[in-house]
Amino acid sequence: MATDTISLHPVFPYRSLKEKQALIKTGKLCIDSNVSEFFKRIQAFEHINAFNATFPFQGSNSQIGLLSGACIAIKDVLSFKDTNLTCSSDILRNYAPPYTATSAQRLLNADAIILGATNCDEFAMGSSNETSASGIVLNPIDTSRVPGGSSGGSAAAVAASLCDAALGTDTGGSIRQPASYCGIYGLKPTYSRVSRYGLTAFASSFDSIGPMAKTTEDIALVLQAIAGFDPLDSTSSSLPVPEYAALLYDCDKKYRIGIPKEYFIDGIQGDIRKRIEEVIQLLKEQGHDIISISLPHTEFATAAYYILTTAEASSNLSRYDGVKYGIRVQKRGGINDMYSDTRESGFGNEVKRRIMLGTYILSAGYYDAYYRKAQKVRRLVQKDFLDAFAEVDLILTPTTPETAFRLGEKVQNPLSMYLSDIFTTPVNLGGFPAMSVPVGLDSNNMPIGLQLIANHFGETQLLQVSYLLENNIMKAL
């Protein structure tokens, strides 16, 4: 296992944001020196390539906001006014947005300090953070392995203690999978729970913004700060935002937890299966009802996901033509040549692959055969979950079929790479909330993630069970 000269888990004088805030209020911790320490660590860990850019200290010494004193990183697909938004792509290397994403602005409104923008797979398209034009991100636990994707930079930054928490985005597992690979907590909220305004679109009907952190409590605080209706996003929900952090400790309820047989397939890594089964047994011993369920259309979910998301990506990325955004490349004469030259130079191979697949799927003669059929499968997958939630409160699965794989291991095999998300993509098809919870290590000392899935707007239940696992059940293993 690769090691670093600076500990991944430094002895900061706090374990959570609430502890940090208490130290700040009593004068035992100075915000300025704490921010400086994070910037020093970011520089010391520059080799893992977690950040695309750092921002000047723009916070305040206010002790009023929900996230006062919190040092947070944001994925480089979220706009932050007058800074470079690249989406880890060459095509946007000269672009600075004139506005800030709602999720980032709400962090600032809650008195958080945004440290910088984290590296990611180009346009959030990838499962390993190896498609970035800014270079590969390394897993800080073992730098010979991937951190997961597409929010690999956010996951690596949290795992290496380069920030208190981070925002990622999740289109098919891009928060949960890297959270699992890096041994942290990651929550994909219900679609519409968090405003997408200022998020560079990959697949608009799938994309969600969510928090990544080292504790369930910190996840709850960040989610509470960024969630809620936004008039700038017509798809955002007007439902009231619960006080997630305050509700964490109400864990006396005994849950009905569904275990879908389709998620415990032969290909799961043995260490993962064993640990998940141990957690299930402990939940059962504590009085929770463990119920076997079926999600029969799971086998079609990944295919439907890649058909629909590549179609949406093809449409969304057509705006990058060398006219309004980023770079312009013109090797030949006409305007169509300029479009072609710009995209050829600006987009990486994985993005080009998905654009071409999406364009093919939406073309005349193939729309009905692929896109329309995939939309029907999407509804069937969503119905499977809704039927299950008539019987259970939560669904429990592995987050991934394997722990973090080695750098370069799947680069030449896109299908194998896509199957890394086999347990996470079905959730996005239905717009459900889901969370990856670290539950131990495999035989190579790489983290294992457990996935919890709830019905729409069931984030409170996810957080309560995650808190129970973190502070009770995992201590028995």
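In which helix is Tyr 370 found? Tyr 370 is found in helix H12, which covers residues 367–389; helices are DSSP runs of H or I with at least four residues, numbered from the N terminus. This is a predicted model, in which local features need pLDDT of at least 70, side-chain atom pairs count only at pLDDT 80 or more, and totals for chains, interfaces and linings use all residues. Residues are numbered from 1 along each chain as its sequence is written, and side-chain values use heavy atoms, with hydrogens and water left out.

**Tyr 370 and its surroundings**

- Tyr 370 has a relative accessible area of 33% and is partly exposed, a class that lies between buried (under 20%) and exposed (over 50%), with a 1.4 Å probe and protein chains only.
- Tyr 360, Tyr 366 and Tyr 370 make a nonpolar surface patch of about 280 Å². Patches are made of residues with over 30% relative accessible area and no salt bridge, with nonpolar side chains joined within 5 Å and like charges within 9 Å. A salt bridge is a side-chain nitrogen of Lys or Arg within 4 Å of a carboxyl oxygen of Asp or Glu.

**Aromatic pairs**

- The count of aromatic pairs comes to 22; rings of Phe, Tyr and Trp (its six-membered ring) pair if their centres lie within 6.5 Å, and planes under 30 degrees apart count as stacked, over 60 as edge-to-face and the rest as tilted.
- One of the pairs is that of Phe 12 and Tyr 14, which is stacked, at 5.6 Å centre to centre and 15° between the planes.
- Phe 12 is buried at 18% relative accessibility, and Tyr 14 is buried at 10%.
- The pair of Tyr 360 and Tyr 370 is tilted because the planes stand at 50°, with ring centres 6.1 Å apart.
- Tyr 360 lies in helix H11 (residues 349–361) and Tyr 370 in helix H12, so this pair ties together parts that are 10 residues apart in sequence.
- Tyr 360 is partly exposed, at 39% relative accessibility.
- Tyr 95, Phe 123, Tyr 320, Tyr 325 and Phe 347 are linked into a cluster by ring pairs.

**Lys 20**

- Lys 20 sits in helix H1 (residues 17–25) and counts as buried, at 1% relative accessibility.
- The side chain of Lys 20 has a polar contact of 2.6 Å with that of Asn 34, and another of 2.6 Å with that of Asp 164. A polar contact is a pair of N or O atoms within 3.5 Å; within protein, one must be able to donate a hydrogen and the other to accept it, and residues adjacent in sequence count only if both atoms are side-chain atoms.
- Leaving aside neighbours within four places in sequence, Lys 20 is in contact (heavy atoms within 4.5 Å) with residues including Tyr 14, Leu 29, Phe 38 and Cys 71.

Notes: Accessible areas come from the Shrake-Rupley method with a 1.4 Å probe; for residues, only the protein chains shown count as cover. Helices (H or I, at least four residues) and strands (E, at least two) are DSSP runs, numbered from the N terminus.
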